[in-house]
Amino acid sequence: MSETPKIIYTLTDEAPALATYSLLPIVQAFAEKAGVEVETRDISLAGRIIATMSDYLPEKLRQSDALAELGELAETAEANIVKLPNISASIPQLAAAIKELQVKGYPLPDYPEEPADAEQEKIKALYDKVKGSAVNPVLREGNSDRRAAASVKAYAKKNSHRMGKWTPDSKSHVAHMSHGDFYGSEQSHVCDFKGNVVIKYVGDDGVVKVLRKKTPVLVGEVIDTAVMNRQALRAFLAGQIEEAKQEDILLSLHLKATMMKVSDPIMFGHMVHEYYQPIFDKYETLLENLGVDPNNGIGDLYNKIKDLRPHQQEAIRADVEALYKIRPELAMVNSDKGITNLHVPSDIIVDASMPAMIRDSGKMWGPDGQLHDTKAVIPDRCYAGVYQAVIEDCKENGAFDPSTMGSVSNVGLMAKKAEEYGSHNKTFLAPGRGRIMVVDPKGQILMEQEVEEGDIFRMCKVKDAPIRDWVKLAVNRARASGSPAVFWLDEKRAHDANLIAKVNKYLEEHDTDGLELHIMSPVDATKFSLERIRRGQDTISVTGNVLRDYLTDLYPILELGTSAKMLSIVPLMNGGGLFETGAGGSAPKHVQQFVEEGHLRWDSLGEFLALSESFSHLAHAFDIKKAQVLADTLDKANGVFLDENKSPSRKVNELDNRGSHFYLCLYWAQALAEQTEDAELQAAFAPLAKSLSENEAAIVAELNDIQGTEIDLGGYYRMDDEKTSKAMRPSELFNAALEAL
Ligand SMILES: NC(=O)C1=CN([C@@H]2O[C@H](COP(=O)(O)OP(=O)(O)OC[C@H]3O[C@@H](n4cnc5c(N)ncnc54)[C@H](OP(=O)(O)O)[C@@H]3O)[C@@H](O)[C@H]2O)C=CC1
Ligand SMILES: O=C(O)CCC(=O)C(=O)O
Ligand SMILES: [Mg+2]
């Protein structure tokens, strides 16, 4: 390989971005000694806005498109990217980030929610590229391998996190539709040609509208379509609101409005509209004039009525308060601040929110600041049953026991914008009653869905090569781990039926002798895995993209307390490596705590694990022995870190993220000083190991004592570099020791 060896470390948002200010200088200092460069690329929400909107900015404020660059890199064998979680922005977050940048002197146009002319259409289209899950699908040019490292699982068994108690009389449950959803309408087709398909609408009134002119497909590609019927959805939601009231339990809605950035905000909006219907009816014209959009949550109403006269604002607020008295209570995001589950579409994200509910005894926080049984509404049936199966298991057998439970790892199909990941530009609201069809180059109709106005039509695709790679990865994991591997595929779903045929075909390419391989529906696979988990046995889940997302929060959150401790590797299909740091998100609540009291509870174990894998990959790809020494010693340091229990605490004036980085640095330096594989590295790190251990007490005191006051980061989406660096590296002693390396 000709390129110089380097690791790209991504700069992202919120808590992981904060952690980077402290961790990256350590990593860069260590890597330099091994001749490895660790470069950064800014893929933060603010960075992506600036890069995308460069035409609107003066030269000196422009920024290159780091995401596009990394997307290209990910398709090469040289790629070695450490990817931290980033914000997948909802519209309210996007608008807030734009506003912050405007205040900071960036002459950016506002986000035009309802574009009035061609120029605004253009602006909206540009911003929409930044919206939602816009980073991960670009970088994930491989399938995913997520699991708890053996040392991490062992640690969790010894140091169990708190689990809420479950009782058989819990009223909590998952509510899903019984007809009219994506599950019920799915059609699937395997292409036998290379070319473009057209997606078009043909109205019962004869109106023809091309929704998407060209969608390229390859031979063997699986394409599918599905429809969420608006009326069925609304009737279902209305029924659930009623039921929650009667059962006297909290009402909550769990969607993925960030990752499914087109379809899910619309479903979210239907719930907001249904729940607050009397308000939207009474103030119809007023709210329309203000541009209040239920898809952005009831928070949008609160934001936009701020421009009204005080008495008008008060009247609306009073009506909302009165409505709460007759509606079921909503699960709360922050009961102290009155922020409900329906406030912003990005606050409750199903992958993290359902496991947290299950971990906390099936209860969520109510308006009274107490935990209550909850109706968890997950409209579509494709995967809702998985959570209901876990809930039933907990009602019957009680909470899981992290000290004895087995593990469920995941091999996920996601490469090349597989399945729902690539569906955004193929998701449409039906313009009227008629049919939406997918037509091949010969004019033949491949699939046809009946629609009514306002229905959500969605088309997904998955190429053949990623499916083949995914099967290979599953077989390799089954072989390496000795655990059974279960393909979670539902033969009743058209898409899954096509995948089952491909799985059976590609399994023949491998030696599967002695492996335990199954194909089961998601509900059966859940039951199978849970039974094993309770017996302390491990199982590999082999799933499509959405289940990958759901399960890699669900099981880690039950097993380890958080998905931040996951090993999350993406072996890129062209030979490079993408190393994700944990399987969770960017933890906005952590930033809030840091700003309020100077304590950052973000756990960087995911970063540590990813870095070790990244150094090891680099060592193999470029044959650099020193990089392997860095990897091995970091591995060892991670073990000591876990044994010594140096993860951040949740409480102020105790060890936080910065203190945990100090310990990682200490243990890593010690491991390097102790190894004999590379004398140069040993000599280089011995003095650092010595000075850090001598100053341990003083440095930790510096890092803990400085907490307890408010912190000014000079921004949220674009923090001030100097201020943030100062806040995240407050120990002079530690900084000087590192400087001396
Ligand atoms: N890979 C990616 O880029 C991903 C990005 N996201 C994005 O992240 C944002 C937040 O998403 P959300 O659904 O709230 O999920 P998060 O995973 O960010 O947060 C859920 C909770 O998990 C805990 N948690 C997560 N990471 C850590 C960590 N490293 N250390 C300690 N605790 C952790 C925190 O619990 P507690 O508060 O109890 O400490 C946190 O509040 C969204 O913008 C979302 O789109 C989400 C998932 C993946
Ligand atoms: O891309 C996103 O928005 C979220 C991704 C995610 O949650 C995951 O990969 O687990
Ligand atoms: Mg996820």
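1. Let's start with ligand 1. The shell around ligand 1 splits into eight nonpolar, eleven polar and three charged residues. That shell has 22 residues, and the closest ones are Ser88, Ala564, Gly584, Gly585 and Asp603. Keep in mind as you look around that this is a predicted model.

2. Now for ligand 2. Which residues surround ligand 2? They are Ser88, Ser133, Asn136, Thr258, Met259, Asp351, Asp549, Thr552 and Ala583. Sorted by class, you get two nonpolar, five polar and two charged residues.

3. Next, the inside of the protein. In soluble globular proteins, nonpolar side chains tend to be buried together. Here, the largest nonpolar core has 114 residues, and the ones with the most contacts inside it are Ala376, Tyr387, Ala474, Val542 and Tyr550. Take Ala376 and ignore its neighbours within four places in sequence: Ala376 is then in contact with Val174, Ala175, Ser252, His254, Met354, Met357 and Tyr387. There is also a second, separate core of 102 residues, which includes Ala17, Leu18, Ile49 and Phe579.

4. Helix H24 covers residues 657-674, so 18 residues in total, and reaches 26 Å from its first C-alpha to its last, close to the 26 Å expected at 1.5 Å a residue. Is H24 enclosed or open? It is largely enclosed by the rest of the structure, because 16 of its 18 residues are buried.

5. H5 runs over residues 118-130, and at 1.5 Å a residue its 13 residues should span 18 Å; the end C-alpha atoms are 19 Å apart, which agrees. Just after H5 comes Gly132, with a positive phi of about 60 degrees.

6. Finally, check the loop between strand S15 (408-412) and strand S16 (427-429), where you will find Lys417. Phi of Lys417 is near 55 degrees, which is positive even though the residue is not a glycine. Glu419 lies in the loop between S15 and S16 too, and has a positive phi of about 50 degrees, again without being a glycine.

Notes
Residues are numbered from 1 along each chain as its sequence is written. Chains are lettered from A and ligands numbered from 1 in the order in which they are written. This is a predicted model: local features need pLDDT of at least 70, side-chain atom pairs count only at pLDDT 80 or more; totals for chains, interfaces and linings use all residues. A residue is near a molecule or strand if its C-beta atom, placed from the backbone, lies within 6 Å of it. Ala, Val, Leu, Ile, Met, Phe, Trp, Tyr, Cys and Pro count as nonpolar, Asp, Glu, Lys and Arg as charged, and the others, Gly among them, as polar. A nonpolar core is a set of buried Ala, Val, Leu, Ile, Met, Phe, Trp, Tyr and Cys residues joined through C-beta atoms within 7 Å. A residue is buried if 20 or more other C-beta atoms lie within 10 Å of its own, exposed if 12 or fewer, and partly exposed in between; C-beta atoms are placed from the backbone. Two residues are in contact if their C-beta atoms, placed from the backbone, lie within 7 Å. Helices (H or I, at least four residues) and strands (E, at least two) are DSSP runs, numbered from the N terminus. The expected span of a helix is 1.5 Å times one less than its number of residues.
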